[in-house]
Amino acid sequence: MAEKVSHGKITQATDTVSHGTKPTSHGAKVDEKVQKTSQTVEEIVNNCWSEIEGKYVKETSQVKPTTKRPGWRAVRLFVSSTFHDYHSEREVLVKKVFPELKEWCLERQLHLIECDLRWGVPRDSTTAAVLCTCMDEIERCHGDTEGQGMFLNMLGERYGWIPSVTDIPADLAVQFKWVYNTSITHMEILLGAVYRHNRNAAFFIRSPDGWLDKLAPEIQKQFIDPSELGRAQLKMLKTKLRDKYPDQCFDYDCFVEDPEKVKSRPELRGLDKFGNDVLSFFKEAIAREYPIVKCDEEEKPGMREQFCHGLVLEQKGATVLGRDHEYDLILNFGLGHISQSDFEESWGKINQEEKRDSRKPSKEDEESKMSNNRNTIAVIAEPGAGKSSLLAKCAMEACKVKLDAFIHFIGCSGMSTSHVNIMKRICYHLLSTTDPRTDKVSKSEDSGEIENTLKELLEERKQCGKKLLILVDDLSQLSNADNYLNWIPKDGLPSNITLVISMVQGDPVVDEVKGHTDNMTWVNLGHLTDKSRYDIVTNYLKTYNKTLDPEQAKLVVESEGAKNALWLSMACEELRVFGVFDLLTEYIKELPSSLDDLLEKILTRLVKEDETDLLKETLCFMECVRDGLRERSLQVMLGDMEAEKCIPMLHLAMIKRTLKPFIRVSSNYQQLDRFTFYHHAIGKAVRKQWLSNEDTFIKHHRSLADYFQYHCDDVHVLAREAAYHINRSKDGKRLLDFIKRDERSRYIDRISVSRYVKEHKCNGIINKQFNIGGRQLFCCNFCAMGRQAFSKCQMFSNKDSCVLCGQIVNMKKPENHAYWCGRHPQSGPNFPNMVMCHICKRPAMKGKETPLHLCSFCHMGGFTVCCRTIQD
């Protein structure tokens, strides 16, 4: 924050102050070191640096090592520069550099908080309040690193606003060792780096060569300081920084496309080196100040998986606002303080509506409640309502009330979607490391064996009487496998154990859970209250040291979309990265009120800003594929498949980083990680924006078909996905050729094969009663004993195999004889006492021919239709 702030928005720098605070009168004497008109510019600059040199020498002390401790910690990084001339660099930081640095920090159990005070200063803030905010924030950054806070400064050709003596209250001047005749940017550098000899401070100096002089004079004013004093101070500041911190100063170049055509604010290009240098410097600095502290617990079974869930817990649980009553009810229910009926009644009052899926209790139910409450709770919510955050908050609050809690976020890792993984993790939670069953559970892949161990452990927990709260989030993402709901007890849990699960409203798994057990309490998670919306907006932006003024906050929270927690959080994130802050209010007004439209707007912006030109293709491929894409698959498909040339890993990393808020990692066959959209609304926005044209839709399915058929190394995935995408690309001949001629197609299930073939055959009606409209298919005795006439995967003789799919025909009846209708004449000669063999196309003696059949999957049933395919 380096230039003057007025009415909540940063205004153009000036050499004077029109509305600064008056000199203080509460005991402190105003410093007499003011700007003197009799001094030359050179004398003023030299005097400033004489004073600075004396102050930083006095502050010099031996740097203490940062305290090393395990657990989650916060890393604060202060960003300093003038405002109007650093729009482009700040865009690079907030949209590219900081997201990657945050991801890197999360792996080290660190929360990166960038302190960028370029906007968000409350309306009508005084100059003193603004200066105090900036300097206090720098001191806060120093707090966790023994005075060596993370500090990033950017210098160009603008020095920034120089406050007068009347703008700086005497107490603040003393507190922050203010040097008069210096700008706020200069003072940020002194406090953030120079006074403390900060080894974690980096200075990025932009070269004006080759672009600035090509801009129109009125545009150049945005980048060049208007005052002689400012230009002189800036020159000396750069010289001093290069002399004192040669290893911490970085020069970089940039350019402007078509500078002669620029009419307002130019966009600077070529900032890749700038971004990479910022990233490298602060990775090294953070690694030095926050070394990884290893714990013995890391060697326990399931600890790597536990880290993934712990990361989600930390992210979601710390930001929950407005659900106090809901998680209080869950905790009190888990502690046994309230009954099941009281829980349902209280929850219904919170949401001010009838409880979803509730039913009037019968006499038997009432008698059952007298002896045993239903202590399994199912929370149903609309997409984006905040069910994951609610469960995360429950887990975090449970620790405060000494309630033992276990939480599992389905979809947070490759293994998390497996019901076996859920049972294993619950077992790990209940077992000690010395218990021999821990190693048994870890090595076992038998779901039945693990299920029995879990039941045994829950029974032991019942006997000891200690309370346990089990939270499992989003069953809608659970992999559909045999008995995948068996970990939910049909007959209920012991009274001291409470299970809370969450599901998306309308998802098929809801009905499956209802069919699995009746012993469950169903509740609905309602919309956010007005107060909750304000709290979410305020706290979300406060994390990044940003604030909306009351008018802007009101516009956000009163939007129809703000009822949905996902819409609200995504809107806040979009506002956080919005760079043109004098247009922020108008931008808020333009935010779509529906989640789908907001996602469409955000994705369109991401594609527009994408430097790889691959993001749109990635989104389209992810929407077209049905079971997600592996990282390697995406790398191949986005490259040149014919030349077998993949895209660079750097481009793939950039794509993954950009899409991180929109994707999740789950597992498929053999537990290989795959990327899918975090929410179906994202795919809906992609379809509407880029796949509404049928030709484009077919093109992407054809590319996916090419990958799976010719480049995939997993035959099970290859067979299933290649057939699916060939069919979606509407290439029937290719599909049938793959099914009938490619031996790998044997891995496609019979039902799918029959369905595909049926879609590409004639289906003309055959009237067998009057023997009109078609002819029956036969084969000669020689061909009848042959094989693979109908498919390369055919395992039985031709006479015992289906004409369409090649699978065995178990029951041969006149009803399932194979026929062609009259629109497809017989090829070759037609002899009166002979029939033509359908396989070899040669005559077969009448009476010696063998009829061909359709299997039960390919036969329509009820009536006979033509079985000729477009391939025949």
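Reply: A contact here means heavy atoms within 4.5 Å. This is a predicted model, in which local features need pLDDT of at least 70 and side-chain atom pairs count only at pLDDT 80 or more, while totals for chains, interfaces and linings use all residues. Residues are numbered from 1 along each chain as its sequence is written, and side-chain values use heavy atoms, with hydrogens and water left out.

Me: ok, what does Asn 421 touch?

Reply: Leaving aside residues up to four places away in sequence, Asn 421 touches Glu 305, His 408, Met 415 and Ser 416. Asn 421 sits in helix α14, where helices (H or I, at least four residues) and strands (E, at least two) are DSSP runs numbered from the N terminus.

Me: and is Asn 421 buried or exposed?

Reply: Asn 421 counts as buried because its relative accessibility is 9%, the cut-offs being under 20% for buried, over 50% for exposed and partly exposed in between, with a 1.4 Å probe and protein chains only.

Me: where does α14 lie?

Reply: Helix α14, residues 419-430, lies across β11 and β12 (468-473), and runs at about 155° to β11; angles run from 0 to 180 degrees between N-to-C directions, with axes fitted to C-alpha atoms, for helices over the stretch in contact.

Me: what's the strand order in that open sheet of five?

Reply: The order is β11-β12-β13-β10-β14, with parallel pairing, where two strands pair if DSSP finds at least two bridges between them. β11 (404-409) and β14 (521-525) are the edge strands, each with a single partner, so one side of each has no neighbour in the sheet. From one strand to the next the twist averages 20°.

Me: how many bridges join β10 to β13?

Reply: Six bridges join β10 (residues 376-381) to β13 (residues 497-504), and the two strands run parallel; Ile 380, for instance, has Met 503 in β13 as its bridge partner. Helix α17 (residues 508-516) packs on the sheet, touching β10, β13 and β14, and its direction makes about 145° with that of β13.

Me: switching topic, at what angle do α23 and α27 cross?

Reply: The axes of α23 (residues 615-624) and α27 (residues 694-710) cross at roughly 80° and come within 10 Å, so the two helices are roughly perpendicular to each other, a label that covers 65 to 115 degrees. The contact is made by Glu 617, Cys 620, Phe 621 and Cys 624 of α23 with His 700, His 701, Ser 703 and Leu 704 of α27.

Me: last one, what share of the whole chain is buried?

Reply: Of its 872 residues, 52% count as buried, and the chain's secondary structure comes to 31 helices and 22 strands.

How values were computed. Angles under 35 degrees count as roughly parallel, over 145 as roughly antiparallel, 65 to 115 as roughly perpendicular and the rest as oblique.
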